[in-house]
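The questions below take one model step by step, from single residues to the whole chain.

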Amino acid sequence: MTCSKGTDAKGRWLAGIRLLVLTAVALTAVGLAGYAAGWVWLTTALGPTAYLLLAHPGDEASQLRSALLGHTTAIACGLACLAAFGLWSHPSVVEAGHESLPQIGAQAVAVGLTLLGQTLLRVEHPPAAATALLITSGITRPGYPLYGLLAGLALLLALVAVLARVPGTRSGNSA
């Protein structure tokens, strides 16, 4: 029994170190690319996306198709809600220091529509809900912030497609 516990602990350590290294490589590359471009490419939705794709490659939520369609759905829903709630030029929650009632409505509806869209498309990618919130809160507004999110997401998905093949223990596959 002690051996299996020791083996299990060793497997968790190896899986964790693999995730540490691969996620650090991917997110550093995205951050440096954004820095070189003079834009913010490293947004909050990318961390959970990297985790899912690297740690649980066999799960539905971790498929490249799910990530791509999930974030695309969230971007479309977020932009539609900005327009529908008249928030296209509204200050972000960071600038205002609080959310306005229209922003709260837009955020709730955008996330709900994102989940509806993912259900209809038969994809699951929970981090996409963060993308909808980033857009409707005004943090990732149309223009350079949104272009940065798109560029960062594209680079991350390309990098993770390669990095996920690095051998080692994967937490989604270890027993």
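A residue counts as buried under 20% relative accessible area, as exposed over 50%, and as partly exposed in between. The model discussed here is predicted.

Q: Is Val162 buried or exposed?
A: Val162 has its place in helix α7, and its C-alpha atom lies 20 Å from that of Gly70, a residue 92 positions away in sequence. Because its relative accessibility is 58% and the cut-off for that class is over 50%, Val162 counts as exposed.

Q: Is Leu153 buried or exposed?
A: Leu153 lies in helix α7, which covers residues 144-163. Leaving aside residues up to four places away in sequence, Leu153 touches Leu46 and His71. Since its relative accessibility is 8% and the limit is under 20%, Leu153 counts as buried.

Q: What distance separates the C-alpha atoms of Leu153 and Leu68?
A: Leu153 belongs to helix α7, and Leu68 stands 85 residues from Leu153 along the chain.

Q: Which residues of α2 are buried?
A: Helix α2 takes in residues 46-55, and seven of its 10 residues are buried, so the helix is largely enclosed by the rest of the structure. The buried residues of α2 are Leu46, Thr49, Ala50, Leu52, Leu53, Leu54 and Ala55.

Q: Which element supplies the largest share of the lining of the largest pocket?
A: The largest pocket holds about 180 Å³ of space. Its lining consists of Leu53, Pro57, Ser62, Gln63, Leu64, Leu157, Val160, Ala161, Ala164 and Arg165. The largest share of that lining, three residues, comes from α7.

Q: What is the relative accessible area of Gln103?
A: Gln103 has its place in helix α5, residues 101-121. Beyond residues up to four places away in sequence, Gln103 touches Leu87, His90, Pro91, Ser92, Val93, His98, Thr136 and Ser137. Gln103 is buried, because the cut-off is under 20% and its relative accessible area is 2%.

Q: What is the volume of the largest cavity?
A: The structure holds one cavity of 30 Å³ or more. The residues that line the largest cavity are Leu82, Leu87, Trp88, His90, Gln103, Ile135, Thr136, Gly138, Arg141 and Pro142; among them, Gln103 also touches Leu87, His90 and Thr136. The volume of the largest cavity is about 40 Å³.

Q: Where does Gly138 lie?
A: Gly138 is one of the residues lining the largest cavity, and it is buried, with a relative accessible area of 10%. The C-alpha atoms of Gly138 and Trp39, which are 99 residues apart along the chain, are separated by 16 Å. Gly138 lies in the loop between α6 (127-136) and α7.

Q: Phi of Arg122 is near what value?
A: Arg122 has its place in the loop between α5 and α6, and with a relative accessible area of 72% the residue is exposed. Phi of Arg122 is positive, in a residue other than glycine, and it is near 60°.

Q: How far apart in space are Gly117 and Ala74, C-alpha to C-alpha?
A: Gly117 is found in helix α5, and at 15% relative accessibility Gly117 counts as buried. Along the sequence, Gly117 and Ala74 are 43 residues apart; in space, C-alpha to C-alpha, the distance is 8.4 Å.

Q: How many helices are there in the protein chain?
A: From the N terminus on, the elements of the protein chain run α-α-α-α-α-α-α. The chain contains zero strands, and its helices number seven.

Q: What percentage of the residues in the protein chain is buried?
A: The C-alpha trace spans about 60 × 35 × 30 Å along its principal axes, and the chain exposes about 9,300 Å², of which carbon and sulfur atoms supply 70%. Of the contacts with a separation of 6 or more, 75% join residues 24 or more positions apart. Among the 175 residues in the protein chain, the buried share is 41%.

Q: How far apart do the centres of the positive and negative side chains lie?
A: The protein chain has 9 positive and 6 negative side chains. The centres of these two sets are separated by 12 Å.

Definitions and conventions:
Residues are numbered from 1 along each chain as its sequence is written. This is a predicted model: local features need pLDDT of at least 70, side-chain atom pairs count only at pLDDT 80 or more; totals for chains, interfaces and linings use all residues. Side-chain values use heavy atoms; hydrogens and water are left out. Helices (H or I, at least four residues) and strands (E, at least two) are DSSP runs, numbered from the N terminus. Buried means under 20% relative accessible area, exposed over 50%, partly exposed in between (1.4 Å probe, protein chains only). Contact means heavy atoms within 4.5 Å. Accessible areas come from the Shrake-Rupley method with a 1.4 Å probe; for residues, only the protein chains shown count as cover. Lys and Arg count as positive and Asp and Glu as negative; His and the chain ends are not counted. The place of a charge is taken as NZ of Lys, CZ of Arg, CG of Asp or CD of Glu. On a 1 Å grid over the protein atoms alone, a cavity is a set of points where a 1.4 Å probe fits but cannot get out, and a pocket is an open set with protein on both sides within 12 Å along at least five of seven lines; lining residues have an atom within 4 Å of a point. Grid points are joined across faces, edges and corners, and a volume is the space filled by probe spheres set on the points.
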